[in-house]
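Please keep the structure in view while reading.

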Amino acid sequence: MVQTNTLWLLKPYLYPFMKDVYKSAVGSAIYIPMCIVGGLFISVLISRAWSGVIMLGVVFIFILHLFFNTYYTISGNELKIKCGFIINKTIDISTIKKIEPSRNMLSSPALSMDRLEIFYNQYDSVLISPEDKAGFIERLKGINNNIVTN
């Protein structure tokens with residue numbers, strides 16, 4: 001008896017009810033500040049400058065917090081962008097007009113320079129860097145097939 005998984009047949013109809021989480025890709029540039037702060041932390045620790053140890057420890061914990069808490073969630077008709085406790089943005093997927101690749105260095109909720117720029121509403125855009133770009137774009141286009149991609 002051959003058993004098949006028929007869930008893929010229902011996937012287009014289940015899109016509005018599914019919740020997918022896409023972690024941010026991590027580029028090598030994020031490791032540079034972590035190494036600098038870590039090295040400074042060790043040198044200040046050796047010299048026993050306790051106020052410096054505390055300050056650098058807080059900075060290092062902040063960077064780690066962003067590192068582990070930057071992700072993008074597609075739930076229903078919403079794209080939720082989370083970057084630590086700094087950015088918590090929700091975008092209505094039906095307002096997304098275009099998605100294109102970007103290497104823009106602007107500050108954004110992305111841990112990699114290999115980014116996607118999402119244009120939504122009239123003049124708004126956001127830079128993100130999901131690990132699975134193709135799957136992310138496919139998922140968004142499954143909800144809003146009017147999205148233009150390059």
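## Terms and basis

Contact here means heavy atoms within 4.5 Å, while helices (H or I, at least four residues) and strands (E, at least two) are DSSP runs, numbered from the N terminus. This is a predicted model, in which local features need pLDDT of at least 70 and side-chain atom pairs count only at pLDDT 80 or more, whereas totals for chains, interfaces and linings use all residues. Residues are numbered from 1 along each chain as its sequence is written, and side-chain values use heavy atoms, with hydrogens and water left out.

## The helix pair

Helix H2 (residues 31-46) packs against helix H3 (residues 50-68) at an angle of about 155°, their axes being 9 Å apart; axes are lines fitted to C-alpha atoms, for helices over the stretch in contact, and angles run from 0 to 180 degrees between N-to-C directions. H2 is therefore roughly antiparallel to H3 (angles over 145 degrees count as such).

The residues of H2 that meet H3 include Tyr31, Met34, Phe41 and Leu45, and those on the H3 side include Trp50, Leu56, Phe60 and Phe67. By class, this contact of H2 with H3 has 16 nonpolar, three polar and no charged residues, where Ala, Val, Leu, Ile, Met, Phe, Trp, Tyr, Cys and Pro count as nonpolar, Asp, Glu, Lys and Arg as charged, and the others, Gly among them, as polar.

## The sheet

Four strands form an open sheet in the order S1-S2-S3-S4, with antiparallel pairing (two strands pair if DSSP finds at least two bridges between them). Strand S1 (19-23) and strand S4 (87-92) are the edge strands, each pairing on one side only, and the twist averages 15° from one strand to the next.

Strand S2 (residues 70-75) pairs with strand S3 (residues 78-83) in the antiparallel sense over six bridges, and Ser75 has Glu78 in S3 as its bridge partner.

Terms used. Angles under 35 degrees count as roughly parallel, over 145 as roughly antiparallel, 65 to 115 as roughly perpendicular and the rest as oblique.
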